[in-house]
Amino acid sequence: MPPRAPQPRVHSAEFLAGAADGGRLPQLRYPEIAFAGRSNVGKSSLLNRLVGSHSLARVSKTPGRTQQINFFLIDERLVFVDLPGYGFARVPLSVKEQWKQLVESYLSQRANLCAVVIILDLRRGIEADDRRLIEYLHAHEIPAILVATKADKLAYGERLRRAHGLEAERLPGVVAMVLCSARTGDGMPQVWQAIEPLVHRFQPRNL
C-alpha cells in the first residue's frame, strides 16, 4: 500500500445527467474520466471516496444496479463518468448486450474522454472481461488507469505479491496502476495523481 499522502480536496461534485441510450449522451465541454469495472467491484464506493461524498454515486450490494451512463461534474473543471458494470450482473442477456452497445458507443465516440479508470478486486486479479476492456481501449488509443481496490482485505505480504503480479502483466495502454481501499481511503491521492496529468494534457480526440 502506498504511503499516506494528502488527498486533493474536492469542493463541489454534482450529478449532471444520465444516458441509457447512446443517442442521448450529453454534449459537455469538460474533459472526462470514465470509471469501469465488473459489477459489485466497488466502483460507486471508489467514486464517492475520491470526491469525499457518501452519496454521489449510488452504492448497492446488488450487482448491476448502474444501468445507465452517469455524468458528474467535479469542481466545475472535469467530469467523472460512471459506466454500467460488466460481468456477473443478474440481468437478461438482451440487457447485457444493450449495456455493451451503450458503453462501446460512449468509448468510441467521446472526443473529450481523457482516460478510463478500470477498477478490479485485488483479490481476484485481472479477469477475462477486464482484459477485453483493456484491449478495446488500447485499440482505440484511450489511456487506461488500473485501480486494484479492496487491498485492505489482504495481508501486507499477499498484497505485495499480487501487486507484483499485476505489474508483471505489462498490459497494453495501461499508463498507471494503483492499489487502494475505498474503505480506508488508502491510495486515493495516488489515483488523483494518475488522473490529473491526463486531464491537464487534455485535447479532444480525433474520431
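**Entry 1: terms and model**

I began with the pocket definition: on a 1 Å grid over the protein atoms alone, a cavity is a set of points where a 1.4 Å probe fits but cannot get out, whereas a pocket is an open set with protein on both sides within 12 Å along at least five of seven lines, and lining residues have an atom within 4 Å of a point. I note that this is a predicted model, in which local features need pLDDT of at least 70 and side-chain atom pairs count only at pLDDT 80 or more, while totals for chains, interfaces and linings use all residues. Residues are numbered from 1 along each chain as its sequence is written, and side-chain values use heavy atoms, with hydrogens and water left out.

**Entry 2: the second largest pocket**

I looked up the second largest pocket and found a volume of about 520 Å³, a volume being the space filled by probe spheres set on grid points that are joined across faces, edges and corners. Its lining has 19 residues, and Tyr-86, Gly-87, Lys-100, Glu-104 and Asp-129 lie nearest the centre. The elements that give two or more residues to this lining are α2 and α3, and the largest share, seven residues, comes from α2. By type I read 11 nonpolar, two polar and six charged residues in the lining; here Ala, Val, Leu, Ile, Met, Phe, Trp, Tyr, Cys and Pro count as nonpolar, Asp, Glu, Lys and Arg as charged, and the others, Gly among them, as polar.

**Entry 3: the fold**

I then went through the secondary structure, which comes to five helices and seven strands, where helices (H or I, at least four residues) and strands (E, at least two) are DSSP runs numbered from the N terminus. The order from the N terminus is β-β-α-β-β-α-β-α-β-α-β-α. Of the 207 residues in the chain, 49% are buried, that is, under 20% relative accessible area, with exposed meaning over 50% and partly exposed in between (1.4 Å probe, protein chains only).

**Entry 4: the cores**

The largest nonpolar core holds 35 residues, of which Leu-83, Tyr-106, Leu-107, Val-116 and Ile-118 touch the most other members; such a core is a set of buried Ala, Val, Leu, Ile, Met, Phe, Trp, Tyr and Cys residues joined through side-chain atoms within 4.5 Å. Among the elements that give two or more residues to this core are β2 (32-37), α2 (93-109) and β5 (113-121). A second, separate core of 30 residues includes Phe-80, Ala-115, Trp-192 and Leu-198.

**Entry 5: aromatic pairs**

I found four aromatic pairs, counted when ring centres of Phe, Tyr and Trp (its six-membered ring) lie within 6.5 Å, with planes under 30 degrees apart taken as stacked, over 60 as edge-to-face and the rest as tilted. Phe-15 and Phe-72 make an edge-to-face pair, 5.7 Å centre to centre with 65 degrees between the planes. Phe-15 lies in strand β1 (residues 13-19) and Phe-72 in strand β3, so this pair ties together parts 57 residues apart in sequence. Phe-15 is partly exposed at 44% relative accessibility, whereas Phe-72 is buried at 4%.

**Entry 6: Met-188**

Last, I checked Met-188, which is placed in helix α5 (residues 188-200) and is buried with a relative accessible area of 0%. Leaving aside neighbours within four places in sequence, its contacts (heavy atoms within 4.5 Å) include Gln-7, Leu-46, Arg-49 and Leu-50.
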